[in-house]
Amino acid sequence: MDKFALLVGVSQCATTELPTLRRARTNGEVLKRSLQATNAGFEVQTLYDLPQLDMATAIEQFFRHRDGDDQIFFLFSGYVFKDVDEELYLATPTTTIDDWGQLVRAKTIPMRFLINIMDASPAWRQVIIFDACFRLTQGIAPDEPEILMEEWFNEMMGDRRVILTASTYTQHEPEPESLDAWSYTRYIAEGAATGAADTDFDGSLTVKELHFYAQRKLRIAAPSQRPQFYGSEATANQMLLQVPCNTPAVQYRQFLEKLTETSEIDLNEFRILTGRNRLNAFRQHLGISQIEAAEIEFEVLRPFHEHQQRKQLFQEYLAQLTEEGYEP
């Protein structure tokens with residue numbers, strides 16, 4: 001069995017109405033480093049802001065040139081549009097919205113195309129991640145409601161395929177770039193690279209463990225995001241990566257992860273309060289320095305910091321609306 005990963009990032013479209021998604025490339029890079037750092041045997045290919053025809057061709061070749069026992073890992077990070085025909089379309093760098101506010105489909109990659117080549121691929125184990133900004137083509141107007149995309153994810157899943165999504169709803173705007181927050185993909189990468197997602201401490205990571213790790217982090221950092229999992233339980237529970245499980249750093253991180261579930265958190269200094277003596281004793285037992293322990297604690301508590309950042313930005317936004325005379 002061979003392992004292959006294709007990580008696609010589209011950070012910008014030709015239409016000026018759509019903000020640049022700088023994290024699309026970042027998502028691919030951090031996941032690439034994580035897959036390579038774990039020595040999992042993945043052959044990783046990245047595609048960033050490729051022309052439409054080149055992107056579609058590369059995706060088709062990636063899925064087609066596989067064997068039945070190969071394992072596939074595919075990421076798309078960028079805009080995904082739901083058009084007036086109720087179909088989904090992946091954005092490319094040339095994607096535009098015309099003067100009538102409608103999507104120029106000839107400059108996109110239809111989701112049907114992706115589904116067809118996934119279905120035709122010989123590879124039996126497929127892990128598909130959409131860390132995307134879902135938009136309605138008429139959703140450029142801010143008064144459009146959110147639309148649940150779940151029916152599409154249910155259609156994509158199957159006996160051999162797992163679909164992971166960072167969000168299940170259309171949204172009008174991506175998060176502001178000023179927000180120093182991690183994405184769903186980055187938390188998946190962290191869970192793999194650090195071994196923190198290995199909740200049963202057996203040295204192996206499944207797709208399900210990675211998803212639940214990222215979901216748990218975002219439940220704290222961004223409760224409205226609601227990442228979801230769709231598809232084959234058999235595929236989701238198969239080993240995807242091997243990770244260290246007995247090193248002091250991994251043991252300390254996993255102990256911290258458990259402690260955050262019940263401990264009081266200092267949201268000013270972002271440190272654990274409850275069980276501090278027990279934590280210090282465990283650190284000394286493992287032989288971890290105070291500097292290394294502080295770095296691990298900061299990383300484990302990152303979601304709490306991000307949540308505070310989001311609250312602050314929201315309060316600043318409301319204050320700005322009040323100054324401009326907005327009345328709900």
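**Helix packing and strand pairing**

Author: This is a predicted model. In it, H8 and H9 pack with their axes 10 Å apart, at an angle of about 170°.

Reader: Are H8 and H9 roughly parallel or antiparallel to each other?

Author: The angle between H8 and H9 is about 170°. Angles over 145 degrees count as roughly antiparallel. The crossing of the two helices is right-handed. H8 and H9 are therefore roughly antiparallel.

Reader: Which residues of H9 meet H8?

Author: From H8, the residues involved are Pro248, Gln251, Tyr252, Phe255, Leu256 and Leu259. Of these, Tyr252, Leu256 and Leu259 are among the buried residues of H8. Their counterparts in H9 are Arg278, Leu279, Phe282, Arg283 and Leu286.

Reader: Which elements do the buried residues of H8 pack against?

Author: The buried residues of H8 include Val250, Arg253 and Glu257. The buried set packs against strand E14 (271-272) and against helices H5 (184-194), H6 (207-221), H9 (276-286) and H10 (290-300).

Reader: In E8, which residue is the bridge partner of Lys82?

Author: Strand E4 (residues 79-82) runs parallel to E8, and 4 bridges join them. In E8 (residues 133-136), Cys133 and Arg135 point one way, while Phe134 and Leu136 point the other way, and all are buried. The bridge partner of Lys82 is Leu136.

Definitions and conventions:
Residues are numbered from 1 along each chain as its sequence is written. This is a predicted model: local features need pLDDT of at least 70, side-chain atom pairs count only at pLDDT 80 or more; totals for chains, interfaces and linings use all residues. Side-chain values use heavy atoms; hydrogens and water are left out. Buried means under 20% relative accessible area, exposed over 50%, partly exposed in between (1.4 Å probe, protein chains only). Contact means heavy atoms within 4.5 Å. Two strands pair if DSSP finds at least two bridges between them. Axes are lines fitted to C-alpha atoms, for helices over the stretch in contact, and angles run from 0 to 180 degrees between N-to-C directions. Angles under 35 degrees count as roughly parallel, over 145 as roughly antiparallel, 65 to 115 as roughly perpendicular and the rest as oblique. A crossing is left-handed if the near helix is turned anticlockwise from the far one by less than a right angle, and right-handed if clockwise.
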